[in-house]
Every structure is written in structure tokens, then in C-alpha cells.
Amino acid sequence: MAGIKALISLSFGGAIGLMFLMLGCALPVYDEYWPLFLLFFYILSPIPYCISRRVVDDTDSASNACKELAIFLTTGIVISAFGLPIIFARAALIKWGACALVLTGNIVIFGTILGFFLVFGSNDDFSWQQCRHWKTLLL
């Protein structure tokens, strides 16, 4: 049951983060949709770490190059996602209030992505096989 509660709270966090992003774009005061390019960063940020988890055997306790490269690439993507709205605001493409809303959304979204990997990263008590059982139970 803890997996369902975590999944619901993570989805709520993602919805709140996307709400801040949309507010930074769609409010009549701001009315610019340039910050929607951040959706690419939200999609790209977990990909390097997911690939490295598939490639690397995690039995070795020492650090390995593939995992370190994945963390480095993920960090670069996250920092770029925080820098892009600031660059947009400095170039006067968006207003600073919209930049603040988008940065708040970034904090919430990337916190949600981090929370997902912390909660569902270890395969101890939760597996994706359970999701299939939830689907059959819900139908």
C-alpha cells in the first residue's frame, strides 16, 4: 500500500509543478509560451540514469564510469533547465515574474523526479509487475 501512496503523491507533485509552468506561460500578464521548451528537459533528465542502470551491474560497491557519466549528464540537463528561463528573462523574451513561476515549477518537477528514483529506485519491495496487477484490479 505504501507504493500506491507514493505514486499518488508523486503524481500530485508533478501536477503542481506543471501548473506552475503553465501559469508562467498562460497568465494574461505574461502571455509567452517560450518556457514550454522546458518540457524537453523534463523528459530528457531521467534518461541517462535509466540507461546506466540497465547497462551497469550494481553488485560492485565501487563507483563506475558509466554511472558517473549518467549523473554528470543528468546534472547538466537539470542545470540547463534552470538556466534557460533566466536566459529568456534576460533576453526579454519572458518577464521576470514568469521566470520565477517557471523556476518554482522546475524545483517541484525535479524534486518529483528525484523522489521517484528514491522511492522506486531500489527493487526491494516494489516492482513494475505490481502495476499490471493494479491495472487488472482497477478494470
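Throughout these legends, a residue is buried under 20% relative accessible area, exposed over 50%, and partly exposed in between (1.4 Å probe, protein chains only). This is a predicted model, in which local features need pLDDT of at least 70 and side-chain atom pairs count only at pLDDT 80 or more, while totals for chains, interfaces and linings use all residues. Residues are numbered from 1 along each chain as its sequence is written, and side-chain values use heavy atoms, with hydrogens and water left out.

**View 1. The chain as a whole.** Let's start with the fold: six helices and zero strands, where helices (H or I, at least four residues) and strands (E, at least two) are DSSP runs numbered from the N terminus. Of the 139 residues, 32% count as buried. The mean pLDDT, the predictor's confidence in each residue from 0 to 100, is 84, and 81% of the residues reach 70 or more. Please read residues 124–129 with care: their pLDDT is below 50, and beyond near neighbours in sequence this stretch has six contacts in the model (heavy atoms within 4.5 Å).

View 2. Trp34, Phe37, Phe40, Ile43, Leu44, Ile47, Ile51, Val55 and Leu93 make a patch of about 870 Å². Areas come from the Shrake-Rupley method with a 1.4 Å probe, and for residues only the protein chains shown count as cover. Helix 2 (38–44) and helix 3 (47–55) each supply at least two of the patch residues. Isoleucine 47 lies in helix 3 and is partly exposed because its relative accessible area is 37%.

**View 3. Aromatic rings that pair up.** Rings of Phe, Tyr and Trp (its six-membered ring) pair if their centres lie within 6.5 Å; planes under 30 degrees apart count as stacked, over 60 as edge-to-face and the rest as tilted. The count comes to seven aromatic pairs. Tryptophan 34 and phenylalanine 37 are stacked because their ring centres are 5.8 Å apart and their planes are at 25°. Ring pairs also link Trp34, Phe37, Phe40 and Phe88 into a cluster.

**View 4. A pair between two helices.** Tryptophan 34 is partly exposed, at 36% relative accessibility. Phenylalanine 82 and phenylalanine 110, by contrast of topic, form a tilted pair, 5.9 Å centre to centre with 40° between the planes. This pair links distant parts of the chain, with phenylalanine 82 in helix 4 (residues 65–90) and phenylalanine 110 in helix 5 (residues 96–120), 28 residues apart. Phenylalanine 110 is buried because its relative accessibility is 10%.

Conventions
Patches are made of residues with over 30% relative accessible area and no salt bridge: like charges are joined within 9 Å, nonpolar side chains (Val, Leu, Ile, Met, Phe, Trp, Tyr) within 5 Å. A salt bridge is a side-chain nitrogen of Lys or Arg within 4 Å of a carboxyl oxygen of Asp or Glu.
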